[in-house]
Amino acid sequence: MFSLKGFTIYQLCLVSVVLVLFHGMPSSSSLSRRTSELMSKYPLIDGHNDLALRLRMQKNSLSQLNLYNYTKTATNINRLRAAHVGGQMFAAYVMCTAQDMDAVRLTLEQIDLIRRMCDQYPELELATTAEDMRNTKKIACLISIEGGHSIDSSLAALRMFYLLGVRSMSLTHNCNTPWAETSSVFYSYYKREISGLTDFGKAVVDEMNRLGMLIDLSHTSLATARAVLQRSRAPVIFSHSSSYTICNHSRNVPDDVLLMLKKNGGLIMVNFHNGFIACGGQANVSTVANHFDHLKHVVGAEHIGIGSDYDGATGFPEGLEDVSKYPALIGELLSRSWSEAELAGVLRLNFLRVFDSVEKVRDVLHDTAPGEVQIPFAEANNSCRLELKPPVIPQIRNDFSVHGDSPLLSFPLLSHKDNSAY
């Protein structure tokens with residue numbers, strides 16, 4: 001066989017092929033550098049984080065911990081900074097089993113915790129507008145409510161939460177509300193034959209459009225999601241859901257709903273939890289990237305974001321165990337030929353575009369009066385709900401106890417028409 005300085009033609013061809021292949025493959029160091037530069041230029045906005053509830057469940061007050069290096073949660077400030085995080089939607093979440101009890105109070109306490117946390121640490125800053133999130137040099141704190149049970153079927157409560165800085169609300173968590181349906185089957189609250197949205201649920205959607213609040217469809221049933229996508233004048237989000245085609249979990253979004261979301265101009269922010277990424281199996285960074293690839297194929301990169309769900313679940317993919325690991329995912333997507341422009345959108349620009357659009361709808365509706373729709377009492381009836389009508393006033397009897405020194409009280413029921421009860 002012909003030889004040139006000891007190499008056969010076959011060997012020379014083999015070397016040439018290897019050189020061509022490796023020339024097109026970025027080295028580990030160059031990929032890491034590209035990832036860091038990209039994330040520094042476009043600091044990540046994550047759509048869902050449950051740090052506030054985790055701190056409450058661990059019985060820790062803010063004064064008792066150092067959030068820079070706190071290791072009992074997946075989230076701390078040093079990790080957020082290491083991963084170039086520029087904005088975090090913190091969930092003011094309380095369990096939906098608090099529905100019909102003290103959900104409103106508990107939600108207020110969660111909002112208080114988030115606001116104090118973002119005020120206490122100079123690296124954090126409360127944000128209430130897209131412009132706030134765009135301009136801050138700190139880690140923007142955006143407050144969301146996870147579950148419509150937190151408003152106790154009251155548009156007035158929704159408006160008061162808005163005044164406290166809440167800018168997003170998911171319509172359900174793992175329980176139905178009286179006006180919207182969950183994707184879960186864990187609880188029996190407000191089971192009904194009609195799925196989707198009730199008339200009051202439509203009023204909630206309208207009022208959120210008027211206020212300029214992001215409507216979050218994560219945790220809702222498909223019927224409710226479809227009804228909202230048909231109703232809302234503003235783009236909506238799935239703040240922490242993944243692809244149903246890749247993992248057929250009820251919390252994920254099927255392709256037909258994704259296409260409705262694309263038409264709406266909204267955003268799906270990918271959840272990292274193993275249960276939604278690998279249907280409970282083991283997962284790694286590549287498994288998560290598969291969801292991104294499929295979503296890009298169906299709706300395009302401009303409708304995708306990140307909603308990790310850190311501190312809201314246990315069991316995250318190998319290589320994505322906490323908030324410091326976001327760069328591993330961005331590096332993986334770069335290695336799969338995602339462009340830097342596409343990833344700039346995934347990191348933050350897509351979310352800011354949607355938030356801008358929600359605020360533009362708010363501005364269009366500026367002269368619309370606040371909603372005054374009240375849910376029918378029969379639809380939200382429970383033992384802790386008072387029907388407003390003239391009160392029953394107890395009367396004092398003049399007789400005495402056997403000891404002769406203690407007046408006894410009697411409580412006769414008065415007609416609600418009795419004017420003396422006012």
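This is a predicted model: local features need pLDDT of at least 70, side-chain atom pairs count only at pLDDT 80 or more; totals for chains, interfaces and linings use all residues.
In this protein, 70% of the contacts with a separation of 6 or more are between residues 24 or more positions apart; a contact means heavy atoms within 4.5 Å. Residues are numbered from 1 along each chain as its sequence is written, and side-chain values use heavy atoms, with hydrogens and water left out.

Confidence next. pLDDT is the predictor's confidence in each residue, on a scale from 0 to 100. The mean for the protein is 89, and 87% of the residues reach 70 or more. Two stretches deserve a mention. Over residues 1–7 the pLDDT stays under 50, and the model has seven contacts beyond four places in sequence for them. Over residues 400–422 the pLDDT is also below 50, and this stretch has 26 contacts in the model beyond near neighbours in sequence.

Now the overall make-up. The protein has 14 helices and 13 strands. Of the 422 residues, 51% are buried. Buried means under 20% relative accessible area, exposed means over 50%, and partly exposed is in between, with a 1.4 Å probe and protein chains only. The accessible surface comes to about 20200 Å², and carbon and sulfur atoms hold 55% of that. Areas come from the Shrake-Rupley method with a 1.4 Å probe, and for residues only the protein chains shown count as cover.

On to the disulfides. How many disulfides does the rule give? The count is three, where a disulfide is a pair of cysteine sulfur atoms within 2.5 Å. With the bonded cysteines numbered in sequence order, the pairing reads 1-4, 2-3, 5-6.

Take C96 and C175, with an S to S distance of 2.0 Å. The link is right-handed, with 65° about the S-S bond. It ties distant parts of the chain, 79 residues apart: C96 sits in the loop between strand 4 (85–92) and helix 5 (103–120), and C175 in the loop between strand 7 (166–170) and helix 8 (199–211). Both C96 and C175 are buried.

C118 and C141 form another disulfide, with sulfur atoms 2.2 Å apart. That link is left-handed, at -105° about the S-S bond. Its partners are 23 residues apart, C118 in helix 5 and C141 in strand 6 (residues 139–146). C118 is buried because its relative accessible area is 5%, and C141 counts as buried because it is at 0%.

The remaining pair to cover is C247 and C279, S to S 2.2 Å. The torsion about the S-S bond is about 125°, so this disulfide is right-handed. The two cysteines are 32 residues apart: C247 lies in the loop between strand 9 (237–238) and helix 10 (255–264), and C279 in the loop between helix 11 (274–277) and helix 12 (285–299). Is C279 partly exposed or buried? At 41% relative accessible area, C279 is partly exposed, whereas C247 is buried at 1%.

Next, the surface. V185, F186 and Y187 make a nonpolar patch of about 360 Å². Patches are built from residues with over 30% relative accessible area and no salt bridge; like charges are joined within 9 Å, and nonpolar side chains (Val, Leu, Ile, Met, Phe, Trp, Tyr) within 5 Å. A salt bridge here is a side-chain nitrogen of Lys or Arg within 4 Å of a carboxyl oxygen of Asp or Glu. Y187 lies in the loop between strand 7 and helix 8, and it is partly exposed because its relative accessible area is 34%.

Last, the backbone. Most residues other than glycine have a negative phi. D311 has a positive phi, near 70°, and is found in the loop between strand 11 (304–306) and helix 13 (326–335). D311 counts as buried, at 7% relative accessibility. S337 also has a positive phi, near 75°. S337 is in the loop between helix 13 and helix 14 (340–364). Why is S337 classed as exposed? Because its relative accessible area is 63%.

How values were computed
Helices (H or I, at least four residues) and strands (E, at least two) are DSSP runs, numbered from the N terminus.
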